[in-house]
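Thanks for coming. Please look at the model on the screen while I talk.

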Amino acid sequence: MNAPQQGFKERADAELKNAVLKIAIDRTTGNAERKRAVAVAAFPEFQAARARGRAIKDHVIAHLDHYLEMFERNATAAGAQVHWAADDAEARAIITRICLEADAKLVTRAKSMLGEEIGLPHALADAGIERVETDLAEHIIQLAGERPSHIVWPAMHRTREQVAILFKEAHHPPPAADDPATMVQSARRELRAKFLGADVGISGANFLVADTGATCTVTNEGNAELTTTPPRIHIVTAGIEKLVPSTAHAFALLRLLVRSATGGEMTQYTTFHCGPKRPGDADGPEEMHIVLVDNGRTRMLADEFRPMLRCIRCGACMNHCVVYRQIGGHAYGGTYPGPMGAVLTPVLDGLAQSRDLPHACTMNGRCAEVCPVEIPLPTLLRAWRTRSWRERLEPRSVRAALGLWAMAARRPWLYRLGSRIGVRALRLFGRRGWIGSLPLAGGWTAYRDLPRPSGRTFMEQYRAGQAGRAGQTGREARK
Amino acid sequence: MSAKPNPRVGLFVTCLVDAIRPGIGFAAIQLLKEAGCRVEVPQAQTCCGQPALNSGDDKDAADLARRTIAAFEGHDYVVLPSGSCAGTMVHAYPELLAGDPEWAARARDFAARTHEITSFLVDVMGYRPQGRRLDATATYHDSCAGLRELGIAAQPRALLASVEGLEMRGLEGNDVCCGFGGTFCVKYSSISNAIVTEKAEAVERTGADLLLSGDLGCLMNMAGKLHRRGAKTRCFHTIEVVAGRAGGPAIGEEG
């Protein structure tokens, strides 16, 4: 994928200065947070549903081989062709080959984060195939030449005011007004011709149903249906963790997914695709291909990141993340942003490229609290920190400082001596209670004042008090 | 939960209280004694190990866990004026030492005896302060580790409700992180600043005289930001108010 040029901190600093971005983030995540809270409050069984959702995913993950084979068997019986891709390069190769063999000129695409993960947009461009994004938000970022900044609202970093300007430049004719309804109508007019002229439609899947061989997509715009039905060929790309045993299990997870993502009870469209057009069907594709992608997932199966395979991509963790809400999704630099992205990006892009992500977290636990499948996100982020330490990816200055501190912390007398000297030294930098600037602590004092220590440590004062009392009453001292 | 009479309590002071604000430690001793505890401060304690743990240095974190557990071996309870350090001891210690046959059981036993102070006073000792009065308005920030790792929300509010004259005001986003996050606040200082700025704005909007919380790290972060912004809000640890010590200097004031 288009690897970001600068480091995480530089990207984050640039985004922090973007006041319009902050308005856009606050609007979308603020709404999402409020609506989710209302939806969860109106669903008394939410905690029970959550435990069930987790159990369903854990069961599938534990028996992945069984359900993958069952899915392949049933999808094949329904007339679909199932392909297996070990990594992103294989997935790209399979998809472009299908498109080229079909002599495809125009491909429509319904929103799929997996497509982003495997770098599909670039692969299609490289193969000389025109790609049209049909999801409204994906349409916006395609026009802007950007990547998604959120897994549910890919264009959430743009305000509607910015979108109005974009549409005026890109749509022919430009929308007559700036209100959302007129802009949506304009996008609809632009896309309609593409839907009917496409040779291949590519979609993702929210669920792969093992016992029927169906794939399931949920959308609110109906664009997925127009992407998957009119073209001659329908290609589904899905990560292997999307499996569920049956349709009933898909619905159990849908109740969690939609509430956690948008605060709705159901999406406008919930579609199950089971094989291509059959004799007697009024419409549907002539060929249906399902590309099952591993890309690091079986590796996660075997290590401490296994719980991450439960993820149903609702986005609640990023909507409730204090860091995401300040810097937005692009600063993370990977396909997936926010807490779930900080766990997944090191899997996909390597820890050396992304070691900042698991560290740029306050460990406040809110993401795990709202996760609909109980993924212990802070624990997994901490596991990356442990690996980063073990693989010596942490800066030498951090390792040295921590080593010194740990040496003292193992020796109470040395630790106390250090504290006594430290607080006295600190006092030299402050006046009237506060320290406004401190060498080696610029990260703190650049933005906030530091309370000046009172002069003597607790331990000094406590022991002085004990000694004083011991002088008076002798016996009191050891109490 | 009910305690045995006059339990022997070991106070874990925490490194920030030891260095920056010893008064919180003395407030803890006072309240524990009022609640009927025998209080000791084991001299072998240093730090709970969180800086190592949060940096991924599990070996040093486990080493400090063993030392802390050993320092508090004979106590009925281990009590701390910090939800963050308490959360580390209750949840991380047993995990860090799970694979160590000699220490796994001791870590679990230690975790079961360990409590954050407001929850210990209310849930274990059934304590409420008597005859405390403070004519002021205050708002309360729920520090994340205490709230989510230990379920501390009602206990500090119950203690504060027993202080006569103290009017509590709701804080918008009271359960949202203040941006401290231990070393996060210096490693990613610009992001931390953006977060604590929003927190300070919310605190200022309450118009309360006092900001109270249960973790000195979060308090230093919020107090430092409020002071830099020129706000007049005075910041105290919850137990300083409960112990009747809010007449003295607030964080960053010199008495």
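I will go through a helix, a strand pair and then some annotated spans.

This is a predicted model: local features need pLDDT of at least 70, side-chain atom pairs count only at pLDDT 80 or more, and totals for chains, interfaces and linings use all residues. Residues are numbered from 1 along each chain as its sequence is written, and chains are lettered from A and ligands numbered from 1 in the order in which they are written.

Start with helix H5 of chain A, residues 88–101. Helices here are DSSP runs of H or I with at least four residues, strands are runs of E with at least two, and both are numbered from the N terminus. The expected span is 1.5 Å times one less than the number of residues.

Which residues of H5(A) are buried? They are Asp88(A), Ala91(A), Arg92(A), Ile94(A), Ile95(A) and Cys99(A). These residues cover an arc of only 165° around the axis, which puts them on the same side of H5(A). That arc is taken from the directions from the helix axis to the C-beta atoms. Buried means that 20 or more other C-beta atoms lie within 10 Å of the residue's own, exposed means 12 or fewer, and partly exposed is in between, with C-beta atoms placed from the backbone. An α-helix has 3.6 residues a turn, so residues three or four places apart point the same way. On the face turned away from the buried side sit the exposed residues Arg97(A), Leu100(A) and Glu101(A). Just after H5(A), Asp103(A) has a positive phi of about 60°.

Now chain B. Strands S7 (residues 210–213) and S8 of chain B run parallel and are joined by four bridges; two strands pair if DSSP finds at least two bridges between them. Ser213(B) has His237(B) in S8(B) as its bridge partner. From S8(B), residues 234–237, Arg234(B) and Phe236(B) point one way, Cys235(B) and His237(B) the other, and all are buried.

Last, the annotation. In an unreviewed entry, UniProt places "domain: Cysteine-rich" at residues 9–89 and 139–222 of chain B. UniProt positions follow the numbering used here, feature names are shortened, and annotations may be inferred rather than shown by experiment. Residues 9–89 of chain B are 56% helix and 12% strand, while residues 139–222 of chain B are 52% helix and 14% strand.
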